[in-house]
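Good morning, and thank you for coming.

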Amino acid sequence: MKRPGSPPPLDRSSRRARRRPVTRAGLLRALKEKVGTRALLLVMAAFFLMPLYWMTITALKSPAELSQFPPTLWPRDPQWRNFVDAVTFIPFGRYFLNTVVIAVLGTIGTTLSSFLVAYGFSRLRWPGRDIVFVTVLASIFIFVRFPVNPITMVPLFVLFAKMGWVNTFLPLIVPTFFGNPFYIFLLRQFLLQIPREISDAARIDGANEFQIMRRIVLPLTKPALAVVAIFAAFMLWNDFLGPLIYLQDQDRYTLSVGLSFYQGTHDTEWHLLMAASTLVVLPQLAIFFFFQRYFLEGITLGSVK
Amino acid sequence: MTRNDRRELRWGLIFISPWIVGFLAFVVYPMANAGYLSFTRFSGFGEARWIGWANYRRLFQDDLFWTSLWNTVVYVGMAVPLGLVVALALALAMNQRLREVAWYRTAFYLPSILPLFALSLIFVWLLNPRFGLFNYLLSLIGVSPVNWLGDPRIAKISLVLVAQLGAGHAAVIFLAGLRAIPQTLYDAAIIDGANDLQKLFHVTIPLLTPSILYNLISAIGVNLQIFTQAYIMTDGGPVDSTLFYALYLYRNAFNYSDLGYASAMSWILFVLNLALALFVFARARRWVRYEVVG
Amino acid sequence: MFKLRTALALAFALIVGVAAAQQSLTFWTSLTYPIDVEALQTIVDEFNAANPDLEVELVQVPGSDVNDVSKLMTAVAGGTGPDIYMLDRFTVAQRAAAGLLTDLGDRIDSGAADAFLEFAWNEVLFQGDAYGVPFDTDVRALYYNRDMIDAAGVDASALDPANGVPSLEDVERIAQALNETDDQGNYTQVGFIPWVGQGQPYTWGFAFGGDFYDEAACRLTPDSEEIVASMAWVDDWAGMLGRDEIVNYISTFSSGAGPIAWSGQIPPAQNPFITGRLGMVAEGDWFVANLERYAPDMEFGVTYLPSPTGEVASWSGGWAMVMPTGTEDEDAAYRFIEHITGTQGQRTYAEMTSHFPTRAELLEDDAIYEGRRAFLRTILDGSHARPALPVGGQYWGELRGAQEETVLDRMAPEEALERVVSRVQPRLDEYCD
């Protein structure tokens, strides 16, 4: 008997059985079935992997080989030491730590606040709700490049300066605790798909709203929350302008600001820049690869009824 | 109001209270500030001198304003629909039941987290008139080489294509939505004799409409402010064909120290964005379905 | 024993006291090139040693662009700006007009101004007052690939600086001999393309003897005879090379920024001169270092920019030291500015880096300059600076746009230059008295 309000256990056994046929003939048949799909996916993957491929070969070239035209498609003599040079050119470890702190705290802030606000806009019916929701839509304009689009940049900086928060991480982290319209909107879309009956049943049983949110809705929303968390984390990880204008001590800079050190007015350390950029992106790739199952379990609501 | 209504209102306001504060502090305050500045002449320092509607008047006579607005509208018109289609296709690809699908998904998502200067490097080569992959593929079907970034008529299209590499972000959102569609619905459709295409249009897409609405409004907002690619790859050229609104705004604010003018530009774009978003949102009732029918 | 302890305690208190009384100043630079930064740090250390009551801290604040001072602007607006800033000298007037900089006028006596190169000093003025002090400078010249020229068997004696300024006809003759195409008519090698590298409108405008600004009339003059002639010359070159073919050729190299490419911001593989596909190019003095690094086997030469007037002409950029508004202790900050732009500071910088100083006496010191650098130094005598205008950035952008329109044959040279005036003059008018 399925308990209302919780997702059904994933039917892993049948999936596995389908994936690994026992007989050799079955294995061959399975591979052949998907060959067409696999071929297409491989071609697409090759296309999307081209930037990483280009970055890596550039990272492994020597300055002399960088000036080969047309460019060589594989480094003649891979300079692995470029990676070592890249992390000593700037205080890479220090910047890495700073970036982690901002990304982790900011992700918590974003996910938490966006979920709570989205809950208010979707799981509750109150007069004027959809009109107030328009403010979220309107704010998307500001948050496309928050907090540093040219219009919000200066007034907000002055505000934070008056509070003495310049040269700290606070202006980069604290605002995340007030909700980000992109994620509020996203979570609202998902939360609206959870049938109201689930919450109503608990309300009848006498649960207060916080309990309903925590015990019933939150577990169902985990996949969407995972999406928001990963997006928020990556956005913070790669944010350049925010750290640039708010951090003044060189040892507080983040990785994205650090990357600009490889670029000069008349010359750029292309090989080091590409090596550093690869190192900056690898943690993100790893996190995405290992955590993707969290947002792909899906809200299998069909079985609730 | 019934007791229940009051209860829902109270809880509603409690839950959205962080947003109220955020909205006032990070949206209302700067936009009101910008609204005020749009009626002044202000360099960012010293006094802001009141000049009434002069900035707006000058904008309407500024051919670069119209150029940048047109460039942006054209770009949005191309990038938003194409972006939705590409993201959906990518999501369907990411949803395939294969053992190694995790690798494919990571590959597709990768470019959307790469820094843009790295992406632009590869695109310079993909789009190279002589040695680039795109022109090579075109030559296989007999089309003569295109000067992707150097030809004013094509540069915008090239940037739209570059942007598609970042479709992974929207695709993941679609993917999460795809996973929420119960298999039972597909089974029922198969029983009714539906083929793959019919399943797509009669099961998948209708049930993805909440995500479609999100990606649509999101894309409009993001693409109306397209900036970085033009800043890094073309600097608005050739001959201002990729001078987008946000780039021109940025120049006015920081190069020309004309924050009053830039603020006026900002408000105009804000109104445009809001109008479009509201239009889409208001009409969403007709085509978006929220409750997943079991 | 007792006395020793007291003495130690007193000494300790003295040191702490001095340290406490030490005032700290922040000095921001957007430079990232290690040699340049090291030179700046050396000068800072020299100053700190000589001025124990002050401690200057050098902070690198890489901006995304030389023109982009968003970090400085927000910092100053928020009251957290640096005490001293290294600013692109070309933008001093612009930033001064915006109210970002402190007027240094009273502190610099008129005699001190004469010690600098005239064009460099003029660049730091806004409405007659000095808002910065010149630091270093650069210069542009014509680079040529000797290997390519020898291979083509053409007489390039006109390019020998000993024979003075090359004429336009000389350059054309030599370039034509270097052009090579393949069977489909695509270029595989080009002799000269005037508008790439540092071939901006300012370069050829000055080479043709033109003036970009009439100070007395407060009027921009890109539509003057000489400058129109320089743009028409660029137009002729585009036509001669075949517009579609040459734009295609350049697109093969450039980062996509239209038919014009910047050399610092594109990878070396995309620089046609470095990869041996372009015979001659107008470039800056820093290009010598780029060539030594990326094309160490190339035999190249440097000579004066070609000109119809036969006179040495070029233009120079460079940096200035400025004091942003809101500096707490202007006197202390100025002491540092005085030091770094003084003879000792500029000498250190000129010796450690490849940049040129702006103090005339240092330019006469032969010991500092060797080889090509000594030759490039002589060009400084005939160099100009871009007019110091509050609309400098926009003027620059519009001039480049005009060049693009001309090369792409969308506008006639004169028409394109007149458009520059119609777009920029109205903004300049607001500052005219």
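Let me begin with a question: does Glu269(A) count as buried or exposed, and at what relative accessibility? Glu269(A) counts as buried, because its relative accessibility is 10% and the limit for that class is under 20%. Please keep in mind throughout that this is a predicted model.

Glu269(A) has a partner in another chain. It forms a salt bridge with Arg293(C), and the closest N and O atoms of the two are 2.8 Å apart. The pair runs between chains: Arg293(C) belongs to helix 12 of chain C, residues 287–294, while Glu269(A) sits in the loop between helix 13 and helix 14 of chain A. Arg293(C) counts as partly exposed, because its relative accessibility is 27%. For those new to the subject, side chains of opposite charge can pair when their charged atoms come close.

Over all chains, the structure holds 35 salt bridges. Let us look at another that crosses between chains. Arg38(A) pairs with Glu100(B), with 2.5 Å between the closest N and O atoms. Here Arg38(A) lies in helix 2 of chain A, residues 24–59, and Glu100(B) lies in the loop between helix 3 and helix 4 of chain B. Arg38(A) has a relative accessibility of 19%, and therefore counts as buried.

I turn now to the interface of chain B and chain A. Here, 91 residues of chain B are in contact with 100 residues of chain A. Together the two chains bury about 9100 Å², of which 77% is on carbon and sulfur atoms. On the chain B side, Phe15(B), Trp19(B) and Phe26(B) lose the most area to chain A, and together they account for 10% of what that side buries.

This interface also has four salt bridges and 13 residue pairs in polar contact. Which helix of chain B gives the most residues to the side that touches chain A? That is helix 1, residues 3–37, with 21 residues. By class, this side of chain B has 67 nonpolar, 15 polar and nine charged residues.

One of the salt bridges between these chains joins Arg196(A) to Glu8(B), at 3.2 Å from N to O. Within chain A, Arg203(A) and Glu209(A) meet in a salt bridge at 3.1 Å, and both of these residues are buried.

Finally, consider chain B and chain C. In this case 34 residues of chain B are in contact with 39 residues of chain C. The two chains bury about 2900 Å² between them, 50% of it on carbon and sulfur atoms. Phe45(B), Arg130(B) and Val239(B) supply 24% of the area that chain B buries against chain C, more than any other three residues.

Three salt bridges cross this interface. Asp63(B) and Arg423(C) form a salt bridge, with their closest N and O atoms 3.0 Å apart. There are also 10 residue pairs in polar contact between chain B and chain C. Several helices of chain B each supply at least two residues to the side touching chain C, including helix 3 (63–94) and helix 5 (116–126). Helix 12 of chain B gives the most, with six residues. By class, that side has 19 nonpolar, nine polar and six charged residues.

Thank you for your attention.

Terms used. Residues numbered from 1 in each chain as written. Chains lettered and ligands numbered in written order. Predicted model: local features only at pLDDT ≥ 70, side-chain atom pairs only at ≥ 80, totals over all residues. Heavy atoms only, no water. Contact = heavy atoms within 4.5 Å. Buried area = accessible area lost by both parts, 1.4 Å probe. Salt bridge = Lys/Arg side-chain N within 4 Å of Asp/Glu carboxyl O. Polar contact = N/O pair within 3.5 Å; in protein donor to acceptor, adjacent residues only side chain to side chain. Helix = DSSP H or I, 4+ residues; strand = E, 2+ residues; numbered from the N terminus. Nonpolar A, V, L, I, M, F, W, Y, C, P; charged D, E, K, R; others polar. Buried < 20%, exposed > 50% of the residue type's maximum accessible area, 1.4 Å probe, protein only.
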